[in-house]
Amino acid sequence: ETTATAYLTQDYYDRASLYIKRWAEEENRYIYINIDDKTHEPVVSLSRYTEKIFQVLHQLRENEFVGTESKLLDLFGKVQELVQQTNEDPEERIKVLQARKKQLDDEIKLIRKTGTVLVYEPWQIKSRWADIERLAGELTGDFREVEENFKEIYKSISHRHADATLSKGQLLRLTFDALEELRSNDQGKSFYAFWEFLMDEARQQQLNAMLQQLYDLLDKTGVEYANRQLLQLKYI
């Protein structure tokens with residue numbers, strides 16, 4: 001009762017601070033509290049489990065618009081890419097590239113002849129934007145999971161470094177073995193490919209420019225969105 005009374009007498013800031021600290025405790029791990037390298041201020045981020053809860057809730061939300069057309073085309077494109085990019089026959093790959101080249105040449109000729117370009121209608125834009133939002137949410141959740149996996153590896157290495165019975169040479173070998181294992185497994189390869197993209201300034205600038213154009217298009221066509229979170233994609 002005394003504890004409850006003390007809690008009720010706290011202001012909202014103190015209550016919020018108490019909740020945040022409790023949610024970040026080891027036995028809960030709903031969130032993480034880290035210190036920003038530049039501002040040295042605490043930054044709160046969701047754990048992978050909390051992120052997944054929001055993803056599930058988002059999926060359970062009833063959608064007023066279901067873009068089956070874009071999903072079917074996306075499925076077709078991914079199946080086609082997987083089949084083509086795993087075929088080791090050089091002649092088959094050449095046929096695919098030639099067909100793609102012919103399609104592009106035909107489109108260029110049609111544009112030059114008519115002076116017009118076929119563009120997506122508003123319903124097609126809305127459909128594809130819904131897919132982009134979903135993928136962005138999934139990517140954020142996936143990145144949280146990979147980040148926590150890396151922390152577990154780092155924690156394991158740190159514990160081994162604290163073992164006084166191991167020599168410096170053994171500790172160094174353990175560290176390099178852990179890094180090599182990370183680079184050789186599927187999860188590690190996927191992460192490093194993702195990280196290389198984040199570190200590629202030219203591709204980041206290209207992505208940022210395209211995202212700016214995308215949001216301008218959404219504003220122009222009246223497609224609603226909650227915020228411009230995709231512009232922060234490189235900082236997740």
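This is a predicted model: local features need pLDDT of at least 70, side-chain atom pairs count only at pLDDT 80 or more; totals for chains, interfaces and linings use all residues.
The chain has 236 residues, of which 18% count as buried.

The two strands, β1 and β2, run antiparallel and are joined by 5 bridges. Within this pairing, Ile31 stands opposite Leu46 of β2, and Ile33 has Val44 of β2 as its bridge partner. The hairpin formed by β1 and β2 has 6 residues between the strands, and in this hairpin His40 takes a positive phi near 60 degrees. In a regular strand, side chains alternate between the two faces of the sheet.

Ile20, a residue of helix α2, which spans residues 12-23, is 11 residues from Ile31 in sequence, and the C-alpha atoms of Ile20 and Ile31 are 7.8 Å apart in space. Ile20 is classed as partly exposed because its relative accessibility is 29%, a value that lies between the limits of 20% for buried and 50% for exposed residues. Tyr30 is placed in the loop between α2 and β1, and its C-alpha atom lies 5.8 Å from that of Thr50, although the two residues are 20 apart in sequence. With a relative accessible area of 41%, Tyr30 is likewise assigned to the partly exposed class.

The cavity search returned 1 cavity of 30 Å³ or more, and the space in the largest cavity is about 30 Å³. The lining of the largest cavity is made up of Tyr32, Asn34, Ser45, Leu46, Arg144, Glu147, Glu148 and Lys151. The elements that give two or more residues to this lining are β1 (31-35), β2 (42-46) and α6 (122-161), and the largest share, 4 residues, comes from α6. By residue class, the lining of the largest cavity divides into 2 nonpolar, 2 polar and 4 charged residues. Leu46, one of the lining residues, is also the residue of β2 that stands opposite Ile31.

Glu147, another residue of the cavity lining, belongs to helix α6 and is partly exposed, its relative accessible area being 28%. The C-alpha atom of Glu147 is separated by 9.4 Å from that of Phe191, a residue 44 positions away along the chain.

The side chains of the model also include 4 aromatic pairs. In one of them, the rings of Trp129 and Tyr215 have centres 5.7 Å apart and planes at 70 degrees, so the pair is classed as edge-to-face, the angle being over the limit of 60 degrees that applies to this class. Because Trp129 lies in helix α6 and Tyr215 in helix α9 (residues 201-221), this pair ties together parts of the chain that are 86 residues apart in sequence. Both residues of the pair fall under the 20% limit for burial: Trp129 is buried with a relative accessible area of 4%, and Tyr215 counts as buried at 0% relative accessibility.

Conventions:
Residues are numbered from 1 along each chain as its sequence is written. Side-chain values use heavy atoms; hydrogens and water are left out. On a 1 Å grid over the protein atoms alone, a cavity is a set of points where a 1.4 Å probe fits but cannot get out, and a pocket is an open set with protein on both sides within 12 Å along at least five of seven lines; lining residues have an atom within 4 Å of a point. Grid points are joined across faces, edges and corners, and a volume is the space filled by probe spheres set on the points. Ala, Val, Leu, Ile, Met, Phe, Trp, Tyr, Cys and Pro count as nonpolar, Asp, Glu, Lys and Arg as charged, and the others, Gly among them, as polar. Two strands pair if DSSP finds at least two bridges between them. Rings of Phe, Tyr and Trp (its six-membered ring) pair if their centres lie within 6.5 Å; planes under 30 degrees apart count as stacked, over 60 as edge-to-face and the rest as tilted. Buried means under 20% relative accessible area, exposed over 50%, partly exposed in between (1.4 Å probe, protein chains only).
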